[in-house]
Amino acid sequence: MKKFLNKISSNQNMLRYGLAATILVFMVFYNRAGRHKVRTLSGKLIVSVKHLESGNDFITGEEMRDRVRKKFQSEFASVPIGSLSPMEVESSLQSLDFIKTADVFVDGNNCLNIYITQREPMFRLLNGEGQSYYIDKEGTMMPASMHYSPRVLVAFAPIHVTGDTIENKKPGLQKEMFDLANIIIHDDILHALVEEIVSDVNGDWMLIPKIGPSRILIGNLDRIEDKINDLKRVYKVILPAQGWDKYYSVNLKYRGQVICTKRA
């Protein structure tokens with residue numbers, strides 16, 4: 001019995017030694033493979049830009065590649081893999097205005113991949129100071145694109161912009177502009193009808209429609225749902241009966257009143 005137990009103990013020790021030797025050999029080869037990988041030269045740079053929902057791109061893949069070249073003074077091709085820092089590249093790219101997310105990684109062919117998701121412009125702001133920005137759905141401002149001009153709602157408002165986002169949470173003209181634009185683009189009828197929103201120095205808002213009256217006065221955003229319902233009744237009932245070009249303006253500022261002014 002004692003010999004049997006000793007034999008079992010010996011076999012267990014041999015198993016432990018064998019397992020330790022296997023792990024040691026694996027670590028040696030792993031370290032060698034790692035050092036070889038670090039010294040391996042990278043392949044070509046691969047840049048992909050996800051299309052916007054509208055089907056257009058705020059920036060093309062080739063434009064993005066040019067920006068990467070200029071920003072990093074490199075195409076990240078034929079350089080040691082160990083010198084690449086995907087996280088650093090990713091962090092730097094996400095600071096650019098038009099980029100919502102950046103995913104950077106080295107693939108199995110040792111190529112550095114850059115996958116860009118663009119910000120979606122919701123409307124364009126013209127502030128009367130010569131500044132023009134696109135505003136996305138989070139309130140982030142983006143410069144005009146060299147590639148194309150998105151067909152989006154245009155807002156004219158006396159807003160002085162100092163940061164990289166508008167103040168869409170704090171009460172004020174910027175929040176009203178953002179809220180009104182959001183209401184319009186998420187309403188199928190208003191989205192198809194309204195092409196511009198305009199604010200005067202008093203903070204009263206006016207809509208510029210594509211058809212019908214030249215302007216629609218709504219004042220502030222108090223009772224905005226009632227005003228929108230009144231506007232829809234104007235387009236469904238009054239204008240078809242009276243004529244689409246009969247009225248110069250429609251005033252919805254006052255509770256329970258729809259004031260239509262005829263053209264001269």
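Two strands pair when DSSP finds at least two bridges between them, and strands (E, at least two residues) and helices (H or I, at least four) are DSSP runs numbered from the N terminus. The model in these close-ups is predicted: local features need pLDDT of at least 70, side-chain atom pairs count only at pLDDT 80 or more, and totals for chains, interfaces and linings use all residues. Residues are numbered from 1 along each chain as its sequence is written, and side-chain values use heavy atoms, with hydrogens and water left out.

**View 1. The hairpin of β2 and β3, with Asn110 between the strands.** Here β2 (99-106) and β3 (112-118) pair in the antiparallel sense over seven bridges, and Asp103 has Tyr115 of β3 as its bridge partner. Five residues separate the two strands of the hairpin. In that loop sits Asn110, with a positive phi near 65°. For comparison, most residues other than glycine have a negative phi. Asn110 is buried at a relative accessible area of 14%, where buried means under 20%, exposed over 50% and partly exposed in between (1.4 Å probe, protein chains only).

**View 2. Strand β3 beside β1.** Strand β1 (residues 46-50) runs parallel to β3, and five bridges join them. Look for Val49, whose bridge partner in β3 is Ile116. Six of the seven residues of β3 are buried, so this strand is largely enclosed by the rest of the structure.

**View 3. An open sheet of nine strands.** Follow the order β6-β5-β4-β7-β8-β9-β10-β11-β12, where the pairing is mixed. The edges belong to β6 (141-142) and β12 (259-262); each has a single partner strand, so one side of each is left without a neighbour in the sheet. Within the sheet, β4 (residues 121-126) and β7 (residues 153-156) pair in the parallel sense over four bridges, and Phe123 stands opposite Leu153 in β7.

**View 4. Helix α4 on the sheet.** α4 packs on the sheet and touches β4, β5 (132-136), β7, β8 (194-199), β9 (205-209) and β10 (215-219); contact means heavy atoms within 4.5 Å. The direction of α4 makes about 135° with that of β4. Such angles run from 0 to 180 degrees between N-to-C directions, with axes fitted to C-alpha atoms, for helices over the stretch in contact. The 13 residues of α4 (173-185) reach 18 Å from the first C-alpha to the last, close to the 18 Å expected, that is, 1.5 Å times one less than the number of residues. Its buried residues are Gln174, Met177, Phe178, Leu180, Ala181, Ile184 and Ile185. Seen down the axis of α4, these buried residues fall within an arc of 165°, so they line one face of the helix; the arc is that of the directions from the helix axis to the C-beta atoms.

**View 5. Ser199 in strand β8.** At 8% relative accessibility, Ser199 counts as buried. Beyond its neighbours within four places in sequence, Ser199 contacts Phe156, Ala157, Pro158, Leu173, Asp204 and Trp205.

**View 6. The aromatic pair of Tyr235 and Trp244.** A search of the whole structure finds one aromatic pair. The ring centres of Tyr235 and Trp244 are 5.9 Å apart and the planes stand at 50°, so the pair is tilted. Rings of Phe, Tyr and Trp (its six-membered ring) pair if their centres lie within 6.5 Å; planes under 30 degrees apart count as stacked, over 60 as edge-to-face and the rest as tilted. Tyr235 is buried at 12% relative accessibility, whereas Trp244 is partly exposed at 38%.
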